[in-house]
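Please read these notes beside the model.

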Amino acid sequence: MAILFDNNKNIFTLHTDNSTYQMQVDKYGFLLHLYYGRRTEGTMEYVLTYADRGFSGIPYDVGPDRTYSMDALPQEFPCQGNGDFRSPAISVKNVDGSYGCDLRYKSYEVKKGKYGIKGLPAVYADETEAETLEILLEDSVTKLQVVLLYGVLPGCDVITRSARIVNAGEGTMYLEKVQSACLDFVTGNFDLISFYGRHAMERNFQRRPVTHGSFKIGSRRGTSSHQYNPLMILARPDTNEDFGGCYGLAFVYSGSFQGEAEVDQYNQTRVLLGLQEEQFAYPLDTGEIFLVPETVLTYSNQGLGKLSQNLHRCYRKHLCRGKYKETARPILVNSWEAAYFNFDGKMLYDLAVHAAELGIEMLVMDDGWFGKRNDDNSSLGDWVVNEEKLGEPLKDFIEKINGLGMKFGIWFEPECVNEDSDLYREHPDWALHTPGRKPILGRNQLILDFTRKEVVDAVFDQMCNVLDQGNIEYVKWDMNRSMTDMYSVVAGEQGRIAYDYMLGLYDFLERLMARYPNLLIEGCSGGGGRFDAGMLYYTPQIWCSDNTDALDRIRIQYGTSFGYPAGAVGSHVSVVPNEQTGRITSLETRGVVAMAGVFGYEMNLGNLSEAEKEIVKEQVQKYRSYAPLIQNGLYYRLSNPFEDTLAAWEFVSEDGTEALVSVVMLEIHGNMTANYVRLKGLKSGRSYQEQESGCIYDADALREIGIPLPLKGGEYQAYQYYFKIVG
Ligand code: GLA
């Protein structure tokens, strides 16, 4: 049993294999948080302390006991207005215009399996893999009900949180802030790790102590954004890759979000993760239900490496779906950096011919194939094949590509529209805009009002018309601007737009998956601007960044690896000098770096020399044989590329019988010192053979001393070592 209830003490205990989560309904009916951390038996109500503290609100029914205040007690789902002055998980404007609520415990229910959330992405697991706890809280005055949902996946060391908010009263209330998870700790002394960035430089690692005052990350952009990833890690200051306690909080949502960490006046820590509260005021009429997107929580007492592996495993097995969930993805060549908008059917066909010769498995026709789109100023919204540019109907073209033994994939940006498009000319009100005000532009385009079903339906139909024209096995789903002008001419209440938009988007994706169950969808938003667990539910891989520079990619992929499995990370080899940075790295190095994710090429392969073609052939063969290990193996960070002389990472099969180690030298100096890369995750006491050299090594020596790298000149040398267990 993963979920236990102690009737005497009114304590809920949630166990995973290596962690325990505990809360208590106290004598006043408040749901208090007792413990989250290393697995432990017993009950932890002793952590609660009571003292008469000045300027703290006391619930009326507590009477003269001035030692009892929500301002100091650790809570499960703190609400605004109950005497707690810290940042709340929920804030409600009531029917009479008053603020505040008072949520008290009513009942609970335990169910087998993992709850789902209608219309929203969520971790799934069957009755043998998970249990669900539902706890009903209610405000007895307004009849606001909150059903807290907990999904416990013991084998993944994951607990998910979500909530159903119900207006069981009369009239319309407004949800003005809703968070998905709150973690209250009665102590301080944590670091917070978060991931900041910008277009083409996403998910940089930042670690800072949580101090007095609030530290906040988030997005107001309508997408999870390049700027902050919806992932937070709370770590003890002495926690590193391999040792120490740490907590991961990942929001399974792709829109605007916020995350906060604060140390309060009593040195206690509160962490919140959930919906962005700005421009949010969600109306809830009598009987209506609001579903809160979920947060995945994981705890590791073996450092950040194990924490990442917990999330990777959970997403691989319980979040990604579809035919390609755990099977090797096709190695692709994408036309974007090969030609941008300057292609025609012949050029693409030639690209496919070269690709097929090299063993590449799929051609992706990126932006520029529809309407009259020859640059990024027009035609979004007109998903009609430009047969003149292609030289023939799409069906014939795809047949030719398939004839080469290659799959065919295509790019779409379904959520956006250019003013210069037939769709916009016909339906200008279908774009989000504020009446009487000129909209803010981004890449000269607007965002369609996906809160409206007829808009989603119309674009869906257009997309199906294209997908039905031939054997299309892959779609790159892009989204190339941030959301502004969040106003819908039909929605009525504008405080609901950001959330309802996401429901429209998810509905579209769900329908697409249902209609084309074998379709592989790769997410994208100017590279990695919507790289989140929510999207992984629909798109098992996501284009990691528009930056294909091998050196920058090492850092971007390092940051990404904290929260996301390698199978989620679209990663391609492109030309040098690199188009984003101008940097030159060898083809070998670019190959090794791109093999840290879902592999492909993004260049005109016809321009390669014969010698380069041989290298590419070898890379393709290697990747094909390593793909199951890369996609489904355990991922280990062996260095920190922001600080170390070299970048190194490793994939080890779950059974420990094989390992792939990749290294890139970040620095080169005269009379270079020897460098050793220490391995992780091998079976102690066993021997492993490196497959290229044939050398046999003792696993413990590889862990303690490591493997010496060749002393070679030249910048950014890269190495790959593939080990198999032999004794
Ligand atoms: C975005 C994507 C690119 C490419 C272009 C096409 O920037 O991230 O990979 O598809 O759009 O316009």
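The points below take the ligand first, then the backbone.

1. Basis. This is a predicted model: local features need pLDDT of at least 70, side-chain atom pairs count only at pLDDT 80 or more, and totals for chains, interfaces and linings use all residues. Residues are numbered from 1 along each chain as its sequence is written, and side-chain values use heavy atoms, with hydrogens and water left out.

2. Ligand shell. The ligand has 13 residues around it; Asp366, Asp367, Lys476, Gly527 and Asp546 come nearest. A residue is counted if one of its heavy atoms lies within 4 Å. The shell holds six charged, four nonpolar and three polar residues, with Gly classed as polar.

3. Asp546 has an N or O atom at 2.5 Å. A polar atom of Arg443 is at 2.9 Å. For Trp411 the distance is 3.1 Å. The protein covers 96% of the 300 Å² of accessible area that the ligand has on its own (Shrake-Rupley method, 1.4 Å probe).

4. Positive phi. Most residues other than glycine have a negative phi. Ser379 has phi near 80°. Ser379 sits in the loop between strand S21 (362-365) and helix H4 (387-390). Its relative accessibility is 1%, so Ser379 counts as buried (under 20%; exposed is over 50%, partly exposed in between; 1.4 Å probe, protein chains only). Asn267 has phi near 65°. Asn267 is partly exposed because its relative accessibility is 41%.

5. Cis peptide. Most peptide bonds are trans. Val576 and Pro577 are joined by a cis bond, with omega about -10°. Pro577 lies in the loop between strand S28 (569-573) and helix H11 (587-594). Helices (H or I, at least four residues) and strands (E, at least two) are DSSP runs, numbered from the N terminus.

Terms used. Polar contact = N/O pair within 3.5 Å; in protein donor to acceptor, adjacent residues only side chain to side chain.
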